[in-house]
Amino acid sequence: MALATPAFAQQRATNAGEDDFHTDKEIVVTAPYVERLDILSGTSSLSGEKLAAEMQGQLGDMLAQIPGVSATSFSPGASRPVLRGFQGNRVAVLTDGIGNIDASNTSADHAVTIDALTTERIEVLRGPAVLLFGGQAVGGAVNVIDKRIPRAVPEEPVHVDAILGYSTVANEYSGGASIDVPVSSRFVAHVDGSYRKSKDLRIGGFLLSPELRDEALGVAADETALGNLEEAANANDWANFRSRLPNSGVETWSFGAGGAFIDDGGNLGISFNVYDTLYGIPERPEFTEPVGGEVTIDLRQYRFDLRGEVELGDGLFDKARIRAGYADYTHKELEGPDVGTTFFSEAIEARFELTQNERSGWRGATGLQFQTRDFEAVGDEAFIPPTRSNQLGLFTLQEFAIGGLDAEVAIRFDHARLEAQTLGIERKFNNISAALGIGYTIGDLKIGSNISRTGRAPSVEELFSDGPHVATQSFEVGDPTLKSERSWNGELYARYDSTRFDFTTTLYANRFNSFIFENDTGNIVDDLPEFVYLQQKARIWGVEAEANANIGRAAGFDIVIDAVADYTRATITGDGPAPRIPPLRLLGGLELQSGNLDLRGEVEWTDSQNRTASFENPTDGFTMVNAALTWRPFGRDKNISLIAAANNIFDVEARRAASFTKDFVALAGRDFRITARFSF
């Protein structure tokens with residue numbers, strides 16, 4: 001867990017430590033294909049020092065304290081973002097505007113193949129503009145921007161960005177660097193690399209949740225009564241094990257290289273990168289067996305990317321853009337030295353769009369998106385048959401501004417074809433999604449609303465699963481007859497933006513008439529509970545709020561206070577509460593800011609989650625206290641900073657309600673972290 005600063009406050013803070021080849025312009029939240037999405041509510045970003053302070057091994061954990069964002073937190077090596085209670089295929093994880101093309105949406109134990117150490121900026125997007133990236137992203141989209149295909153020519157002969165870190169909670173060492181070299185006045189070459197290694201995570205409190213501890217103690221008593229003393233001792237060990245998460249170490253490295261031709265008429269660039277990680281999977285309790293499993297995942301992805309842009313002049317269209325990526329993904333699930341299951345994925349994704357010149361307050365983007373993917377699992381956990389999927393999307397996003405009134409309209413058509421080759425089953429889906437957003441500005445206050453109708457084709461897991469899935473401790477059975485998941489989605493928001501005080505609050509609701517979910521049948525198959533995919537109506541609503549205020553100045557420091565609150569409530573009609581929904585959370589911080597030194601303290605309170613699915617245990621609440629110091633030895637504009645942070649100072653036991661593994665995977669305990677960031 002890293003020290004957090006509310007994302008809205010981050011956008012308003014002075015641009016300390018930002019560097020885009022020494023440009024001091026304000027970094028704004030953008031989608032790659034529209035200049036600026038002013039009327040979106042709930043949009044957040046991390047970059048510069050704020051990104052360095054949140055640096056974690058996995059994307060979900062890095063974003064978990066942004067309003068409306070949680071994480072799957074399956075293990076330190078695998079954690080994906082959860083947006084407004086949605087996860088998996090309902091959240092789009094993007095690399096520079098196209099899919100990340102990995103298998104992290106297939107299962108919660110699969111890592112996100114994004115290297116945080118060489119990331120330039122992370123954006124969390126919601127509202128109508130999300131239809132630029134797909135109708136399936138009901139919760140929103142997370143867009144990660146890197147520098148592998150350069151966007152500008154450095155002013156110096158060699159430009160270097162680097163970050164180094166050490167964390168005590170897992171004895172973690174990490175480092176990453178990128179180098180950009182102008183080969184000529186119009187061509188830039190780029191290379192980057194990173195390495196991270198951590199041991200078992202130290203946790204606050206017991207390994208097991210209270211419910212599982214009681215179960216383990218019950219097993220110990222039963223085994224003692226039967227005279228099975230070794231089994232009883234193992235169960236007692238499980239119940240009393242604390243302070244460490246066994247088999248949770250991670251070793252990750254990455255390498256990337258790219259180049260781009262850049263001039264006034266446009267740019268064209270390519271890149272290649274490899275992402276390699278080996279991480280442990282914490283053991284699911286078998287109380288009569290010893291603590292400490294040896295299941296690990298060995299994952300590698302090779303990826304090629306292309307990005308191009310052509311200036312089209314002063315006519316209707318401003319720019320033509322192309323973005324494409326190819327990825328070859330393999331991951332092996334190792335049981336000791338033996339390979340249990342191997343996952344293969346080979347995919348291509350591409351998009352082309354035309355952006356319009358602004359005309360009397362009107363601008364927009366129109367384009368198409370294509371993806372093809374071959375996926376196969378081989379081995380003991382091959383619960384999904386070999387599949388081939390193709391998706392084609394056509395979209396347009398139009399923005400209008402007249403005086404204080406803004407409007408945004410988006411329409412998207414998606415066609416999906418999914419084929420389970422060994423089953424001889426092919427399904428085709430056509431979905432039309434549309435969204436409308438309206439905002440009105442009164443001085444420093446903006447109020448508005450968004451409404452959308454979206455459609456999502458079922459995933460291959462939801463359609464074709466049939467087998468034991470050890471990661472989720474279930475025997476999963478898909479339904480090849482599932483229809484598209486459709487929903488009405490709405491938001492009401494208010495934003496106030498002044499020199500010394502900012503706030504934003506959003507109320508959102510989703511109404512599904514064909515929500516796809518897993519349900520426990522009560523049957524046991526292959527010693528695992530059987531879960532089947534069903535469709536039913538569902539209702540989800542929630543609220544997000546954040547505020548930031550500069551309340552004065554003392555002893556050369558600006559005094560800034562900030563706060564975050566979020567809550568989600570989800571109900572499946574006829575079935576009760578939806579599983580793995582984050583509870584109410586409140587966060588408050590106090591920060592002293594100056595040119596050379598920032599000091600911050602914060603308290604995060606998370607409520608217990610007792611509103612759970614029938615097969616799910618409740619999650620206890622917790623309160624964490626964090627502190628940090630940021631020192632810029634050469635001043636705010638020199639892009640050199642040292643960050644010292646103390647997280648979870650009181651070493652409390654904490655678990656995420658959104659996690660599959662929350663009953664036996666706790667969050668990090670007390671952690672002292674040092675990070676050094678350089679850009680020159």
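Mentor: Strands (E, at least two residues) and helices (H or I, at least four) are DSSP runs numbered from the N terminus. The model is predicted, so local features need pLDDT of at least 70 and side-chain atom pairs count only at pLDDT 80 or more, while totals for chains, interfaces and linings use all residues. Residues are numbered from 1 along each chain as its sequence is written, and side-chain values use heavy atoms, with hydrogens and water left out.

Trainee: Between which strands does leucine 423 lie?

Mentor: Leucine 423 is placed in a loop.

Trainee: Is leucine 423 buried, partly exposed or exposed?

Mentor: Buried means under 20% relative accessible area, exposed over 50%, and partly exposed in between (1.4 Å probe, protein chains only). Leucine 423 has a relative accessible area of 48%, so the residue is partly exposed.

Trainee: Which residues does leucine 423 touch, not counting residues up to four places away in sequence?

Mentor: Threonine 387 is 36 residues from leucine 423 in sequence, with 9.4 Å from C-alpha to C-alpha. By contact (heavy atoms within 4.5 Å), leucine 423 touches Pro385 and Phe464.

Trainee: Which strand holds arginine 323, and is this residue buried or exposed?

Mentor: The place of arginine 323 is in the strand spanning residues 317–335, namely β14. Because its relative accessibility is 3%, arginine 323 counts as buried.

Trainee: What backbone oxygen does the side chain of arginine 323 reach?

Mentor: The separation is 3.1 Å. The backbone oxygen belongs to aspartate 96.

Trainee: How is the pair of phenylalanine 501 and phenylalanine 503 classed?

Mentor: Rings of Phe, Tyr and Trp (its six-membered ring) pair if their centres lie within 6.5 Å; planes under 30 degrees apart are stacked, over 60 edge-to-face, and the rest tilted. The structure holds 15 aromatic pairs. Phenylalanine 501 and phenylalanine 503 are 6.0 Å apart centre to centre, with 40° between the planes, and their pair is tilted.

Trainee: How is the pair of phenylalanine 531 and phenylalanine 615 classed, and how many residues apart in sequence are the parts that the pair ties together?

Mentor: The ring centres of phenylalanine 531 and phenylalanine 615 are 4.8 Å apart and the planes stand at 90°, so the pair is edge-to-face. Phenylalanine 531 lies in strand β25 (residues 528–554), and phenylalanine 615 in the loop between β29 (597–606) and β30 (622–631), so the parts tied together are apart in sequence by 84 residues.

Trainee: Which residues form one aromatic cluster?

Mentor: Here, four phenylalanines are grouped. The members of this one cluster are Phe86, Phe512, Phe515 and Phe517.

Key. Polar contact = N/O pair within 3.5 Å; in protein donor to acceptor, adjacent residues only side chain to side chain.
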